[in-house]
Amino acid sequence: PIFVSLQNDYPPFAAWMEKCRKSERECWVVENQDSIAALVIFKDEGPTETPEGVPGQRVLKLCTFKVSEKYRGGRLGEQLLRQAMW
């Protein structure tokens with residue numbers, strides 16, 4: 001269910017997600033019972049992959065950041081973002 005709005009807002013999402021799976025892109029997933037409460041799909045980019053002018057040798061690109069509507073308001077997104085920044 002967490003992917004429905006992503007698919008509706010971004011029609012190529014399914015193909016992009018398949019590309020992420022094949023490349024074994026990393027992610028953090030917060031599960032609650034049998035559903036995904038939140039997820040972050042990220043990519044550790046090197047200097048040749050980042051846009052020109054971005055400082056640093058490595059950049060953590062948050063490709064998808066999603067908190068299920070059912071779990072919003074509980075600071076779950078804030079905690080995931082804090083983990084990403086750490």
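Gln 33 is exposed, at 75% relative accessibility, where exposed denotes over 50% relative accessible area, buried under 20%, and partly exposed the range in between (1.4 Å probe, protein chains only). The residue is found in the loop between strands E1 and E2 (35-45); helices (H or I, at least four residues) and strands (E, at least two) are DSSP runs, numbered from the N terminus. Although Gln 33 is not a glycine, its phi is positive, at about 60 degrees. The model is predicted, with local features requiring pLDDT of at least 70 and side-chain atom pairs counting only at pLDDT 80 or more, while totals for chains, interfaces and linings use all residues. Residues are numbered from 1 along each chain as its sequence is written, and side-chain values use heavy atoms, with hydrogens and water left out.

A positive phi, of about 55 degrees, also occurs at Glu 24, which is not a glycine. Glu 24 belongs to the loop that lies between helix H2 (13-22) and strand E1 (27-32). With a relative accessible area of 68%, Glu 24 is exposed.

Three strands form an open sheet in the order E1-E2-E3, and their pairing is antiparallel. E1 and strand E3 (59-67) each have a single partner strand and stand at the edges, so one side of each lacks a neighbour in the sheet. From one strand to the next, the twist averages 10 degrees; axes are lines fitted to C-alpha atoms, for helices over the stretch in contact, and angles run from 0 to 180 degrees between N-to-C directions. Two strands are taken as paired if DSSP finds at least two bridges between them. The antiparallel pairing of E1 with E2 extends over six bridges. Val 30 has Ala 38, in E2, as its bridge partner.

Helix H3 (residues 76-85) packs on the sheet and touches E1, E2 and E3, contact being defined by heavy atoms within 4.5 Å. The direction of H3 makes about 165 degrees with that of E3. Gly 77 is a residue of helix H3 and is buried, at 16% relative accessibility. When residues up to four places away in sequence are not counted, Gly 77 touches Phe 65 and Val 67. Between Gly 77 and Asp 9, the separation is 68 residues in sequence and 20 Å in space, C-alpha to C-alpha.
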